[in-house]
Amino acid sequence: MNPKKRNNSYKSYIETLRKYPEGLSENDLNIFTFGYNRNTSREANKKYADMLRRALYKGIIQRRLKPKSAWGSYTYIYYV
């Protein structure tokens, strides 16, 4: 096992969100924290979605609904 390798944790999300107090979308949060892009990656999103869900249930991270975009889609903004 590589001693320098860190396990992914919702605590990494918290560190990233403290750097961006205005909040980030889920995809931006994953890109800045783990380098994972949902739109271009072939990896499954389950691991990252479960981590984010755990932090939401614990009340550590909050989210708010961003106004509807020009394409008619809604986006959640996550913040600490």
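1. Of the 80 residues in the protein chain, 30% are buried, meaning under 20% relative accessible area with a 1.4 Å probe, protein chains only; over 50% is exposed, and in between is partly exposed. This is a predicted model, so local features need pLDDT of at least 70 and side-chain atom pairs pLDDT 80 or more, while totals for chains, interfaces and linings use all residues. Residues are numbered from 1 along each chain as its sequence is written, and side-chain values use heavy atoms, without hydrogens and water.

2. The protein chain has three helices and three strands. These are DSSP runs numbered from the N terminus: helices are H or I with at least four residues, strands are E with at least two. The order along the sequence is α-β-α-α-β-β. The C-alpha trace spans about 45 × 30 × 20 Å along its principal axes.

3. Look next at helix α2 (residues 26–34) and helix α3 (residues 46–58). Their axes come within 12 Å and cross at roughly 105 degrees. Axes are lines fitted to C-alpha atoms, for helices over the stretch in contact, and angles run from 0 to 180 degrees between N-to-C directions. The two helices are therefore roughly perpendicular, the term for 65 to 115 degrees. Glu26, Leu29, Asn30 and Phe34 of α2 meet Tyr48, Met51 and Leu52 of α3; contact means heavy atoms within 4.5 Å. By class, this contact has five nonpolar, one polar and one charged residues.

4. The whole structure holds four aromatic pairs. Rings of Phe, Tyr and Trp (its six-membered ring) pair if their centres lie within 6.5 Å; planes under 30 degrees apart are stacked, over 60 edge-to-face, and the rest tilted. Tyr13 and Phe34 form an edge-to-face pair, with centres 5.3 Å apart and planes at 75 degrees. This pair joins helix α1 (residues 10–19), which holds Tyr13, to helix α2, which holds Phe34, across 21 residues. Tyr13 is buried at 0% relative accessibility, whereas Phe34 is partly exposed at 21%.

5. Phe34 also pairs with Tyr48. Their ring centres are 5.4 Å apart and their planes at 40 degrees, so this pair is tilted. Phe34 in α2 and Tyr48 in α3 are 14 residues apart. Tyr48 is buried, at 5% relative accessibility. Ring pairs link Tyr13, Phe34, Tyr36 and Tyr48 into a cluster.

6. One charge also meets a ring. The charged end of Arg63 sits over the ring of Tyr76, 3.9 Å from its centre. The criterion is NZ of Lys or CZ of Arg within 6 Å of the ring centre and within 35 degrees of the ring normal.

Technical notes
Angles under 35 degrees count as roughly parallel, over 145 as roughly antiparallel, 65 to 115 as roughly perpendicular and the rest as oblique. Ala, Val, Leu, Ile, Met, Phe, Trp, Tyr, Cys and Pro count as nonpolar, Asp, Glu, Lys and Arg as charged, and the others, Gly among them, as polar.
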